[in-house]
Every structure is written in C-alpha cells, then in structure tokens.
Amino acid sequence: MQGPPADPPAAVGQTLDAGEIDRFARHAREWWDPKGKFRPLHQIAPTRLAFLREELVRHFARPDNVRRPLDGLQILDVGCGGGLVCEPLTRLGARVSGLDPSAENICVARRHAAGQGLSIDYRVGRVEELAAERQTFDAVVCLEVIEHVPDAAAFLKDCAALLRPGGLLLLSTINRTLKAYLLAVLAAEYILGWLPVGTHRWDRFVTPAELARHLMASGLGAAKLTGLVYNPLADGWRLAADTDVNYFAVAAKPM
C-alpha cells in the first residue's frame, strides 16, 4: 500500500481504463446484493436518490407532491453498472438510458430490470460514442465514476456534449484530500473492508475546484456543490456542507 502522491499524474485524453472495467466486471453478479461488494452503494442509495430527485424537480420545475415527478424526462446514467440508479429514476417517471463499458454489468442490469417489469434502455458503450452520434438528454447522471477515469476533463466534456440546452449534469465523486485518502482508501478498503482493495486511486480523485473548472471548460454553468458525509454512530449517510471526502456537483447547460 502506498501513500497519496504529491501530484496526480496526467493521462490526457484517456476516458477509459481497461483495468477498472475488468475490476468491476469481475463483481458484476454482486450489484444487487446489499451485503456484497457494492454494499456502500446500497447504503448511500436513499440519500443520493433523494438528492437527485430534489435537484431534478427543482431544475425542471416539476411538482414535488406526485408519485412520478420526473415523468417524460430523458435521463442518461453514465457508468450505470448494474442499474442501481436507473431503476429508481425509472420508477419516478423518467425515460432512462443506462450506459456502461462493461458487457457483464449491462447483462446484469437488463436481467434485473426485466425481473422488475421496468423498461430501461441499457447499452454497452462509452460517452464519446454517444456524443459522436449527437444523442442528447434532458439530464446526465454520473455517480462514483469520475474517480475511475484517467482524464476527468475529457470525460466531462463528453458528458456535457450529451446535454440538451437547459439540461442538467449531476455528478458525485471523491475529493483529493488527505482526509479522503484516510477514509475512502485506507479505512474503507484496508481496515473496514467495505470495498475491495484497489477500488480507488487517490491520484484520480478530483477536487471541487478542478471539477468546477472542467465543467465550465465544457460549456456548463457554475457548479453547485453538496457534501455527502458518513455518520458512524447512526451508520448512515447525510447531505452536508462538508465536501472534504464525498461530494455531489450539479451544473446546467445554458439555453
């Protein structure tokens, strides 16, 4: 195990790491096991879904007191994995597309959605492929993905290109701080065993300032940041102003 490097190495233009894809593909069967390798994602699911719902309802001026407030919105989930976010967004009324470079992940996602009677457009592929096809969506969701991408700036530029004018990009990632290294890598992987060792590379974590610059360079507006904090006493997650470790970012594409 190595400590955090002084500076993140450059990986210009690379939006995909084959090693990362293989790592997640090996655990594809466990996506929907709340006690398996993806247990942390199941734990944060209620908090992050509430966040997504609130931001989408606010941005698109949707009624908040209905069962399907996202009715008709076209949403793309980039790096959708087994569909943990696609399914609840579909239940909220959105027309959801899930994109992932791993065929194993998409196979699991399709099978689970079919078992739930949900219609979700799952596709094996990369964001640059959709951008080249000039496909666009009302919103693009990208959760816990950027920290696995070699070149975050290039990746976010492709994500932004998939937004329609007035569309919304919703992200979550991990800050590149010593605190994040201690909690998200050392504690989560080596001490508590929440995640397989090697899940995260500290040098690929993105600071809020860097993320904001990347988003503006991609033609989006100012980013709104919200922290996601773990409470060990309650064994739960909550939204907070603290962005030292996990945080959300939301940015809109001008009309």
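**Reading salt bridges and burial**

Author: Glu210 is buried, because its relative accessible area is 17%, and buried means under 20%, exposed over 50%, and partly exposed in between (1.4 Å probe, protein chains only). This is a predicted model, in which local features need pLDDT of at least 70, side-chain atom pairs count only at pLDDT 80 or more, and totals for chains, interfaces and linings use all residues. Residues are numbered from 1 along each chain as its sequence is written, and side-chain values use heavy atoms, with hydrogens and water left out.

Reader: With which residue does Glu210 form a salt bridge?

Author: In general, a salt bridge is a side-chain nitrogen of Lys or Arg within 4 Å of a carboxyl oxygen of Asp or Glu. Here the partner of Glu210 is Arg176, with the closest N and O atoms 2.7 Å apart. This pair links distant parts of the chain, 34 residues apart, since Glu210 lies in helix α8 (residues 208-217) and Arg176 in the loop between β5 (163-174) and α7; helices (H or I, at least four residues) and strands (E, at least two) are DSSP runs, numbered from the N terminus.

Reader: Is Arg176 buried or exposed?

Author: Arg176 counts as buried, because its relative accessibility is 16%.

Reader: How many salt bridges does the structure hold?

Author: The structure holds 14 salt bridges, including one between Arg201 and Asp203, whose closest N and O atoms are 2.8 Å apart. Arg201 is partly exposed, with a relative accessible area of 33%, whereas Asp203 counts as buried at 13% relative accessibility. Elsewhere, salt bridges that share partners join Glu54, Glu55, Arg58 and Lys224 into one network.
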